[in-house]
Amino acid sequence: ARGGGGGGCVLGASPPAALAADIWAVGAFAHQLLVGSAPFADGAAGGQPERGPGSPVSFPKAAWQGVSAQALEVVQSALLLEPRLRPSASQLLGHPWLKLKREAVPHAMMNGLFKSALSNLAEGQFKKLVLRVMVHQLPDDHPHLDSAMSAFRALDRDRDGLLGPEELAYGMRQLPKLQGRLADVATLFGATDRDGSGSLDAGAFAAATLPAEVASDEKMLWHTFRAFDRDGDGLVFADDVVTVARLMEGCFLAPEQVEELVAALQLELGRIRVPPNAASLPIDETSAWAKCLRIGTVLSQQHDRVIDFGEFIYLCSSGSRGRGRCLLGFCKKEAFRVVKRTSSIDLYGHDPALIPRWPPTNGVPPHTFQSVHCREGGLARVKKSEHRHKRRSTRAGRASVHAGKDRAAENGGFGRALGLCGAAAAGTHSNWRRRRQASLRLLGEGAGSA
């Protein structure tokens, strides 16, 4: 059935020109992101002069000189006035500027990432939420993000910027050491694909493959703890965890999925007797030594388990440790707690005024996850000419080192110092800083002997 009037459409279907309008909107967003102004902006605001609805979009060279030709081509095609001439969504995703070039990743790196993902699969909902928050606290140049992005691009066979279950399974089949775990691929993908969309983005993949040595790093745990400790009182309650879960997952999951996650978190925290909020705690004793007597009740699980930073470290690190290390971690956090309650000395020594990167507070710009794309079009990769220059410079550096050794044989320590200085000046020796310091010492000895 059609709606009233001759220009209607099938009930429940999109209008005939809706897809072309969506492509126009994508082009307008790309124009804003790449240039900093809208296609039809007010001239007084620093954008283009205002034009009528039938005027074509202009692309001045001064504004687009820092953008690649491929990016300009995508925006121009999306902003064509004639809707029938605009590319479809599939055609737009197939453009070289939006397609990701596959990378060759060492098997050792890929094997380690998949082992970390399978290990994180066995963690509870609270630990998985901590891992997702921790990934957003990592700096953009963190080694794990570089490894995860390289592996993501290698697994993305259709180069659409998303991973499907077939692509993830194909990657595991290429690793001989994980052949016995192929049955866990569907479970791994289902646990990582929280919104049920059938695809994984780069952020979800980086969180799922976070290695244990990063997840148990005390500095990173402090950044993550401050993200949960919204009021800065040094304590995290069940309501704080639920608030962070709603902030992180509310824009990705359906309301029913968010409530299901919240119920699982509340059940998991309730089993370890984490109170919902500070108001539910009993009135504590005023004596510091009387507070320490509560440690015995904590050991017998007869009292509420307040999550301070020491307890947060223990809960997040105990899953990846052996039984002996768990005992050591428990003793450490209880000893540190006794010292803090009796003398108000924090032995962890972290900055209490630290502002986490996520979630952003008032006045702090929001932090977006590292993208697998770059502004220049596709991947941030080294050009072949740069590779050739690097090989030439490496050969020149090796020749300089050999020449320095020959001069050292002839002139003694002074000649060897000059040769090492040549290698350091070329900037190609792997340990050129250490070599430069050694050469300077030798120069001083040579000058003294002269």
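**A buried charge and its surroundings**

Author: This is a predicted model. D193 is buried yet has no salt bridge, and the nearest side chain of opposite charge, R194, is 7.7 Å away.

Reader: How far from D193 is the nearest side chain of opposite charge, and why is there no salt bridge?

Author: A salt bridge needs a side-chain nitrogen of Lys or Arg within 4 Å of a carboxyl oxygen of Asp or Glu. For D193, the nearest side chain of opposite charge belongs to R194.

Reader: Which backbone atom does the side chain of D193 reach?

Author: D193 sits in the loop between α9 (185-192) and α10 (202-208). Its contacts, leaving out residues up to four places away in sequence, are G198, S199 and L200. The side chain of D193 also comes to 3.3 Å from a backbone atom, the nitrogen of S197.

Reader: Is T192 buried or exposed?

Author: T192 belongs to helix α9. Its relative accessibility is 11%, and buried means under 20%. T192 therefore counts as buried.

Reader: What does T192 touch, and which backbone oxygen lies 2.8 Å from its side chain?

Author: Not counting residues up to four places away in sequence, T192 touches L200, A204 and A208. A polar atom of the T192 side chain lies 2.8 Å from a backbone oxygen, that of L188.

Reader: Which helices do the buried residues of α8 pack against?

Author: Helix α8 covers residues 165-173. Its buried residues are E167, L168, A169, G171 and M172. They pack against α5 (107-121), α7 (143-155), α9 and α10.

Reader: Which residues does UniProt list as "domain: EF-hand", and how much of each span is helix?

Author: The UniProt entry, which is unreviewed, lists residues 143-178 and 216-251 under that name. In residues 143-178 the end C-alpha atoms are 23 Å apart, with 0% strand and 61% helix. In residues 216-251 the end C-alpha atoms are 28 Å apart, with 0% strand and 64% helix.

**Salt bridges**

Reader: How many salt bridges does a search of the whole structure find, and what is the N to O distance between E82 and R84?

Author: The search of the whole structure finds 13 salt bridges. E82 is partly exposed, at 30% relative accessible area, whereas R84 counts as exposed at 73%. E82 and R84 form a salt bridge, and their closest N and O atoms are separated by 2.9 Å.

Reader: Which residues does R337 touch?

Author: R337 counts as buried because its relative accessibility is 10%, and the cut-off is under 20%. R337 and F309 are 28 residues apart in sequence, with their C-alpha atoms 9.5 Å apart in space. Leaving out residues up to four places away in sequence, R337 touches V306, D308 and E311.

Reader: Are K333 and E311 buried or exposed?

Author: K333 and E311 form a salt bridge, with closest N and O atoms 2.5 Å apart. This pair also links distant parts of the chain, K333 in helix α18 and E311 in helix α17, 22 residues apart. The relative accessibility of K333 is 3% and that of E311 is 1%. Buried means under 20%, so K333 and E311 are both buried.

Reader: Which residues are linked in a network of salt bridges?

Author: The pairs D308 with R337 and K333 with E311 are salt bridges. They belong to a network that links R305, D308, E311, K333, E334 and R337.

**The chain as a whole**

Reader: How many helices and strands does the protein chain have, and what share of its residues is buried?

Author: The protein chain has 21 helices and 0 strands. Among contacts between residues at least 6 apart in sequence, 66% join residues at least 24 apart. The chain exposes about 25400 Å², of which carbon and sulfur atoms supply 56%. Of the 450 residues, the buried share is 37%.

Definitions and conventions:
Residues are numbered from 1 along each chain as its sequence is written. This is a predicted model: local features need pLDDT of at least 70, side-chain atom pairs count only at pLDDT 80 or more; totals for chains, interfaces and linings use all residues. Side-chain values use heavy atoms; hydrogens and water are left out. UniProt positions are given in the numbering used here, feature names are shortened, and annotations may be inferred rather than shown by experiment. Helices (H or I, at least four residues) and strands (E, at least two) are DSSP runs, numbered from the N terminus. Buried means under 20% relative accessible area, exposed over 50%, partly exposed in between (1.4 Å probe, protein chains only). Lys and Arg count as positive and Asp and Glu as negative; His and the chain ends are not counted. A polar contact is a pair of N or O atoms within 3.5 Å; within protein, one must be able to donate a hydrogen and the other to accept it, and residues adjacent in sequence count only if both atoms are side-chain atoms. Contact means heavy atoms within 4.5 Å. Accessible areas come from the Shrake-Rupley method with a 1.4 Å probe; for residues, only the protein chains shown count as cover.
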